[in-house]
Amino acid sequence: MTFIRSVLGDVPPSALGVTNSHEHVLIASGLILKLEPDFRLDSIEKGIEELCDFHSKGGRALVEASPIGAGRDPDGLRSISAATGVTIISATGFHKTKYYLDSHWRFRYSADEIARLFIEEIEIGIEKSGYEGPFIRRSEARAGIIKVASDYQVMDLATRTAFQAAAIAHAQTGAPVLTHTEMGTMAIAQLETLAALGIDSKHVVLSHMDRNPDLHLHKEVAQTGAFLEYDGPGRVKYFPESTLIGLIRGMVEAGLGGQILLGGDTARRSYWKAYGGGPGVAYILEHFTDRMRCDGFSQQQIDDILIHNPARAFVFAKVGT
Ligand SMILES: [Zn+2]
């Protein structure tokens, strides 16, 4: 049977419901917070408050895209999921290299060794310290995606090692791969790298693609079978929502609406209502879907992007087929 792996257990794809496909709920530790203090999302209570709001607007699931060493709190995610009824999919894998000290083990271990650590987080449980040791202490939460990231216009050696490890872990577990693209760059390079390592693009989600709202490129990416995640709603410092609406329309008109996902990626205190900021995790459901309706999208098209596409994107592949 096909399944999606959440921090509280496996769920059938049909049970996922309205999904925010790239989000951050807890970022409680790590170099990432020294580099960017506004990323600190360390309150379980505020996590519950924000996700209750998301749930009250119809949200039923979200993908928590914080990987190893980037502040994950798997037990905290379990508490928030249990308290709010929002299904949370958590990540193993790595963020971009700048979020890790030069001394981090990711720069010393081989792809095979790193893959083993990813696989154990998918199959047994997420290591609570991100393998910073010396003891292994696993959460009951298991990872449901493998995150990898490239930087602006480059994939350095450590990044390529992470992609290799992700491919090995995907082949063994079937867990889908979710990538970070920096400003939407390196999308084709990421897909080519993963395809060369044996991953079918239909198990790959490329995040932040709307930072480069280039319809030609997006069609090329979608035609591989990969999913494109857009997280521009409410973040008009990058571009107006009219740009995003035009991009989604172009994709739908090209028959590629089945490859689009929407996320919030509200990974800042200043983006959360519970911390006194905005637009909040619920923004997509509170405002952006109304905007889509005003601009002529049908409920079916909206449901595809929020319900049916995530149910395909985050399903585990059958292993060995
Ligand atoms: Zn993110």
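**Overall fold and local backbone features**

The protein chain carries 10 helices and 11 strands, where helices (H or I, at least four residues) and strands (E, at least two) are DSSP runs numbered from the N terminus. Its radius of gyration, taken over C-alpha atoms, comes out at 18 Å, close to the 20 Å that the globule rule gives for 321 residues, so the chain is as compact as a globular protein of that length. The rule itself is just 2.2 Å times the number of residues to the power 0.38.

A word on what sits behind the numbers: this is a predicted model, with local features needing pLDDT of at least 70 and side-chain atom pairs counting only at pLDDT 80 or more, while totals for chains, interfaces and linings use all residues. Residues are numbered from 1 along each chain as its sequence is written.

Along the principal axes, the C-alpha trace spans about 55 × 45 × 40 Å. Of the 321 residues, 52% count as buried; that label takes 20 or more other C-beta atoms within 10 Å of a residue's own, exposed takes 12 or fewer, partly exposed is in between, and the C-beta atoms are placed from the backbone. Two residues are in contact if those C-beta atoms lie within 7 Å. Looking at contacts between residues at least 6 apart in sequence, 76% join residues at least 24 apart.

Next up are the strands, which count as paired if DSSP finds at least two bridges between them. An open sheet of three strands runs in the order β3-β4-β5, with parallel pairing. Strands β3 (19-23) and β5 (87-89) stand at the edges with a single partner strand each, so one side of each has no neighbour in the sheet. Neighbouring strands here are turned by 20° against each other on average, direction ignored, with axes being lines fitted to C-alpha atoms and angles running from 0 to 180 degrees between N-to-C directions. Three bridges link β3 to β4 (residues 61-64) in the parallel sense, and Asn20 has Leu62 in β4 as its bridge partner.

Strand β10 (residues 227-230) is covered on both faces: Phe227 and Glu229 are buried on one side, Leu228 and Tyr230 on the other. Two bridges tie β10 to β9 (residues 204-207), and the two run parallel; Val205 pairs with Phe227. The chain gets from β9 to β10 through helix α7 (residues 215-222) in a right-handed β-α-β crossover, meaning that with the strands pointing away from the viewer, the path from the first strand over the helix to the second runs clockwise. Strand β10 also joins β11 (residues 260-262), in parallel and by three bridges, with Leu228 opposite Ile260. Together with helix α8 (residues 241-253), β10 and β11 make a right-handed β-α-β unit.

Most residues other than glycine have a negative phi, and most peptide bonds are trans. Another cis peptide bond joins Gly278 and Pro279, with omega about 20°, and Pro279 is found in the loop between β11 and α9 (283-294).

Gln153, not a glycine, has a positive phi of about 65°. This residue lies in the loop between β7 and α5 (157-173) and counts as exposed, with 10 C-beta neighbours inside 10 Å. His208, in the loop between β9 and α7, has a positive phi of about 65° too, but is buried, with 24 other C-beta atoms within 10 Å.
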